[in-house]
Amino acid sequence: PRPSHDHIDSIRSQVQTSLISAQGFYKRGKHDGAVGAAFDMLDVNRTGKLHRDEIYILFEEAVAQAKIPLDEDAIRAAVDALVKEGNDRDATEYITRVQFYAMFYRHRELLRLFEDEQSTATLRRIAAKDSTLSQAEVQESQEEDREVWMAIPSFRTEWENRKLAIFWFIIYLGANAACIATKAIKYREHDEAQAVFGTCIEVARGSAAALNFNALVILLPICRRFMTFLRSTRLRFLIPFDITLETHMLVGIVFAILVLSHTCAHICDIVNFAGADEDDIYALFGDKLGTVPSSRSARVKLLFQQRSIITGLLMVVCILVAYPMILLRRTRFNLFWTTHHLLLVMLILLCIHGTGNLLEPFQSIYWLIAPFVLYFVPRFLRETKYSTMK
């Protein structure tokens with residue numbers, strides 16, 4: 001259903017007084033903060049969705065404040081085209097927060113809505129997307145795009161200008177190093193593990209500890225309601241909430257590197273286990289594996305029957321499917337968004353991965369239970385009959 005007139009009027013009133021907040025973020029070079037502020041002030045009921053009429057109000061007020069001579073039909077046509085594009089041409093009239101961000105990433109020049117009259121040509125071009133442009137108009141459009149990209153700071157410049165973000169980045173690297181070093185040292189001094197697996201076990205267990213930590217960190221930035229609550233506290237002066245998306249992407253890259261190192265180390269472990277002395281294997285595992293066969297192929301088969309290997313293979317499959325789809329985030333956003341949920345499946349499998357307790361008691365569930373609650377409970381309430389958006 002379309003928003004009521006009272007709802008639209010309340011949003012219009014709020015946008016008129018709050019657009020300056022998004023403009024403030026933009027002027028300081030914090031573009032994600034500007035987009036996030038714009039979404040938050042439109043999402044009055046905190047449903048996580050925006051109707052095209054609500055987006056139209058944002059565009060209309062931004063154009064009015066910048067005194068841009070653009071008529072209502074042109075703005076409406078631009079908004080319709082953007083919403084349709086964000087939903088891969090589906091006939092829905094809503095877009096989610098992630099799709100709202102993606103809209104500005106696909107058309108970075110739209111950020112000028114928070115600045116000046118440069119947005120006029122952008123809106124006209126999107127509104128007239130299917131019309132034929134003259135060669136001169138095409139060249140003018142390309143020149144505008146180049147000017148906009150020159151005006152947007154690079155990621156390196158953004159990062160260097162954010163001292164608080166650099167501080168937390170150093171803390172993050174230190175935490176990863178501590179996780180890896182603690183486990184690696186523990187298993188370097190573990191004689192039974194060294195006898196069976198060699199030094200490969202140090203890499204496997206060290207990267208596993210870091211993966212648990214990163215599984216916790218990667219979910220927190222997308223716990224929207226929790227992040228919104230923290231923004232309202234004094235922590236907003238200590239934590240750079242305007243780079244939550246960059247944080248999520250950075251941790252995703254580190255996570256992939258750790259998965260690669262963990263997988264390669266375990267391949268080495270499997271090879272070493274197949275050729276290890278039988279007495280050393282029993283000294284390490286006791287009767288957890290049952291009867292250990294003498295042949296190398298039978299030992300490999302024994303390992304692939306273990307819960308840790310089965311869940312590990314399923315997690316790798318989830319990653320191999322989901323990660324390449326990130327490249328389609330701008331062109332096929334719905335496909336990216338759907339496959340990205342495989343990474344939630346991967347995190348659930350991670351909670352089961354170590355429950356066999358082969359080397360030590362499993363720990364992953366204790367790292368993930370809090371972020372799971374913070375992420376899934378608000379999402380369940382938002383997308384079921386308990387949602388206020390009905």
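How exposed is Asn357, in relative accessible area?

## Asn357

Asn357 is partly exposed, with a relative accessible area of 30% (buried means under 20%, exposed over 50% and partly exposed in between, with a 1.4 Å probe and protein chains only). Asn357 has a positive phi of about 55° without being a glycine, and sits in the loop between helix H18 (342-353) and helix H19 (364-383). Helices are DSSP runs of H or I of at least four residues, numbered from the N terminus.

## Basis of the model

This is a predicted model, in which local features need pLDDT of at least 70 and side-chain atom pairs count only at pLDDT 80 or more, while totals for chains, interfaces and linings use all residues. Residues are numbered from 1 along each chain as its sequence is written, and side-chain values use heavy atoms, with hydrogens and water left out.

## Cysteines

A search of the whole structure finds one disulfide (a pair of cysteine sulfur atoms within 2.5 Å). Cys200 is joined to Cys268, with 1.7 Å from S to S. The pair links distant parts of the chain, 68 residues apart: Cys200 is in helix H11 (residues 200-219) and Cys268 in helix H13. The link is right-handed, with 50° about the S-S bond.

Cys200 counts as buried at 15% relative accessibility, whereas Cys268 is partly exposed at 25%. The sulfur of Cys264 lies 9.8 Å from the closest cysteine sulfur, in Cys268, which is too far for a bond. Cys264 is partly exposed, at 44%, and Cys318 is buried, at 8%.

Notes. Helices (H or I, at least four residues) and strands (E, at least two) are DSSP runs, numbered from the N terminus.
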